[in-house]
Amino acid sequence: MEAAGDAARITQARSELWRLPATELAQLVRLRKVSAREAAADALKRLDEVNPRINAVVAHRPEQVLAQADEVDRRIGRGEDVGPLAGVPVTVKINVDMAGFPTTNGTHLQKDFIAKENSPAVENLVRAGAVLLGRSNAPTFALRWFTSNSLDGATRNPRSSALTPGGSSGGGAAAVTAGIGHLAVGTDIGGSLRYPAYACGIHGLRPTLGRVPAYNASSPERPIGPQMMSSTGLMARTIDDLRIGLAAMAAPDLRDPWWVPAPLEGPETPRVAAMCLRPGGMKIDEHVEAAMLDAARRLSDAGWTVTEIDDVPLMREAADVQMQLWLGDGFANLVDAARRDGDAAALAVVDAVRGMAEALPGDVVSRALVLRTTVQRAWRRFFTEYPVLLLPVSGELPFQDGLDLQGQAGFERVWRAQLPMRAPPALGLPGLAVSTGLVGSVPVGVQILASHYREDLCLLAGKAIEARGTPASPIDPIV
């Protein structure tokens, strides 16, 4: 009877493989209960069905997807261990190299920058058995917490077209939410993984700087300031999927000299967390506060000791470092590129931050690095007392789409609310956005921070919070 039940479940799963968690799909493929080709064909069918409504994936080649899947099946047939992501369809953001596709970064200026090889993170996923499904959309130059560009158009949030899908990894978040792929590769320099996950009602992990190797051979090198903050990570529908995805992506690659061979599991640590409702004295929406208090209760019920604190160390100073390294190194080149590309949204963002950039002194990068050291020291001390920190993702519920383009007041409202997104990257800290529920149809969640290379603690706390309920996903787009 048990065997018959297993067979029935597999038969039911085979009809909609796109609904399964990545961990479950990979196990079925490894055990040859379903084939990687079946999973790939199902993913392509789902993409064809729903992507026209949300424009999450902007380039894909079905024949290549099926060929990758066939190779996974052949290797399994030969008795090889293909890895923990056997046959799992994955999307890759358009600013990350994927062999044979342009690394456009959402700009006409890079539409012919064809990648000759996968970036290290993407290649690590392939080595772990993943199947690359397609290219996910992002705003021009990955500048916004909203996702549109004049090259590929706008991405819609599957939960409501009135809401931003987040940015800059908005295409990947929308894809995962709608069942187009099980994992989405993205980048995060100021919330670009965590915020789209929050906006779409899934989970997003920004690893510690140096945890996941990163390198783009196809496009120009970034200024040193942004390089010191940008991290390649993942979005997924479950914490377990993030865990296996991170383990795969974090394998070594000599192309990234900043990669660190840190263990994925750190020393045993007391299950102690701090909760700060208003870091840096920021204002938060009542629904955001309710989500934070609910997450703290979930942790407490799971055996964690949770202490509410009034503030965290030097949050605004950390956000200042992020702004200074971002705008103080290469802003003139960004202005020139935005003008040559001509994307109205990118130009609007550049104009909105121009005052901040032009006020910076000539030696801003060296000053920022000194301040960064001071702030990092304070945060490291903090994490010796509280191994895990619970923060808002944003001060507000996910924004109405295009709010940042509604004049300077709209941009500044977004900028203020995103303080918890902007500060951690300056310090290289890992951060996890965990979706916890819906306010009506609008997603809400919380952010978890831990010390450097302690993604395991973020995921441990995130798993406890997730266990008490998350918004249903994947879903059919409501647009």
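I began with isoleucine 448, which, leaving aside neighbours within four places in sequence, is in contact (heavy atoms within 4.5 Å) with Val388, Leu389, Leu390, Pro430, Gly431, Leu432, Val434, Cys458, Ala461, Gly462 and Ile465.

I note that this is a predicted model, in which local features need pLDDT of at least 70 and side-chain atom pairs count only at pLDDT 80 or more, while totals for chains, interfaces and linings use all residues. Residues are numbered from 1 along each chain as its sequence is written, and side-chain values use heavy atoms, with hydrogens and water left out.

Of the 479 residues of the chain, 60% count as buried, that is, under 20% relative accessible area with a 1.4 Å probe, protein chains only.

Next I checked glutamate 308, which lies in strand S10, residues 305-308, a strand being a DSSP run of E of at least two residues, numbered from the N terminus. Not counting residues up to four places away in sequence, Glu308 touches Met275 and Leu277; from phenylalanine 331 it is 23 residues away in sequence and 39 Å away in space, C-alpha to C-alpha.

For the whole chain, I recorded that the C-alpha trace spans about 65 × 55 × 45 Å along its principal axes, and that, among contacts between residues at least 6 apart in sequence, 78% join residues at least 24 apart.

How values were computed
Buried < 20%, exposed > 50% of the residue type's maximum accessible area, 1.4 Å probe, protein only. Helix = DSSP H or I, 4+ residues; strand = E, 2+ residues; numbered from the N terminus.
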